[in-house]
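Colleague: I'd like to go through this one with you and ask how you know what you say about it. Could you put it up on the screen?

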Amino acid sequence: MPEQNLADYEIDSVHFSTPLKANAFEMDDETKISMISDHFTSILNILGLDLNDDSLKNTPDRIAKMYVKEIFSGLNPANKPVATLFENRYGYSEMLVEKNIAVFSNCEHHFVPITGKAHVAYISKGKVIGLSKLNRIVQYYSKRPQVQERLTIQIAREIKRVMGTDDVAVMIDASHHCVSSRGIQDAGSSTVTSSFSGKFRDAETRNEFLKYIGQ
Ligand SMILES: Nc1nc2c(ncn2[C@@H]2O[C@H](COP(=O)(O)OP(=O)(O)OP(=O)(O)O)[C@@H](O)[C@H]2O)c(=O)[nH]1
Ligand SMILES: [Zn+2]
């Protein structure tokens, strides 16, 4: 594992970290897929489904691949995006806002989707970041079993680390399918979380950010 990615987990070792077992990185992806597939075969059998049906027979394998390679790929630090930074030669000194970044995550309590939008902003301390890398950071931390509060903090911390500045804002507005499609079954509500650091703790800067994202 690249040293920098391992460090991400070591730094993350207090309350904002994804709870991971000590041996979380010992198993390779192929072994994980094979074991998850076996367990899903049992679950579908227990539910009484006929795995000889041609539509169902590959479902355990499909779910296992989807977990490891897609929706939970952010558990593997090897998939952490590497940020491309450029010198701020043009001396841009205002905030940069990347808004309406799609969030597709999954709730760690029920393993059903969290969908919504993230808005992030930073003020340069000399470097600028390739725009798509902000989207990639949001996507990487989304691809873990999550609670929205932790997702917000993890995204903010990573942007601060990469950009070498505390002047970072993150806001997420998302719907939790565990609230909309089951349980209380309230499809109309959404959850807003935010992280404001550095200059974004000042009302004027924060309000400028909120105005740009239409709040
Ligand atoms: N704070 C927080 N809570 C969340 C998040 N995602 C889901 N939850 C909540 O986690 C709680 C889990 O509570 P439990 O009482 O153990 O689960 P449950 O019996 O399925 O609860 P209900 O959803 O009310 O039916 C629920 O209230 C969820 O709405 C999140 O991102 N942040
Ligand atoms: Zn849930």
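Predicted model: local features only at pLDDT ≥ 70, side-chain atom pairs only at ≥ 80, totals over all residues.

Colleague: How far is Ser-189 from Lys-211?

Modeller: They're 22 residues apart in sequence, and 22 Å apart in space from C-alpha to C-alpha.

Colleague: Which domains is the chain divided into, and how do you know?

Modeller: The bounds come from an automatic or database domain assignment, which gives domain 1 (3–79) and domain 2 (85–212). Their centres, taken over C-alpha atoms, are separated by 25 Å.

Colleague: How many residues of each domain are in contact with the other?

Modeller: Eight residues of domain 1 are in contact with eleven of domain 2. On the domain 1 side, the touching residues split into four nonpolar, four polar and no charged.

Colleague: Why is the 25-residue set called a nonpolar core?

Modeller: The name calls for buried residues of nonpolar types such as Ala, Val and Ile, joined through C-beta atoms within 7 Å. The largest such set here has 25 residues, and among those with the most contacts inside it are Ala-118, Val-120, Ile-155 and Val-170. Elements giving two or more residues to this core include β2 (95–107), β3 (113–123) and α4 (131–142).

Colleague: What does Ile-155 touch, leaving out residues up to four places away in sequence?

Modeller: Ala-118, Val-120, Ile-137, Val-138, Tyr-141 and Val-170. In soluble globular proteins, nonpolar side chains tend to be buried together.

Colleague: And which residues are around ligand 1?

Modeller: Cys-107, His-109, Val-147, Gln-148, Glu-149, His-176, Cys-178, Val-179, Gly-183 and Ile-184. Both α5 (148–163) and α6 supply at least two residues of that shell.

Colleague: What makes one residue of that shell charged?

Modeller: Asp, Glu, Lys and Arg count as charged.

Notes. Residues numbered from 1 in each chain as written. Chains lettered and ligands numbered in written order. Contact = placed C-beta atoms within 7 Å. Near = placed C-beta within 6 Å. Helix = DSSP H or I, 4+ residues; strand = E, 2+ residues; numbered from the N terminus. Buried ≥ 20, exposed ≤ 12 C-beta atoms within 10 Å, placed from the backbone.
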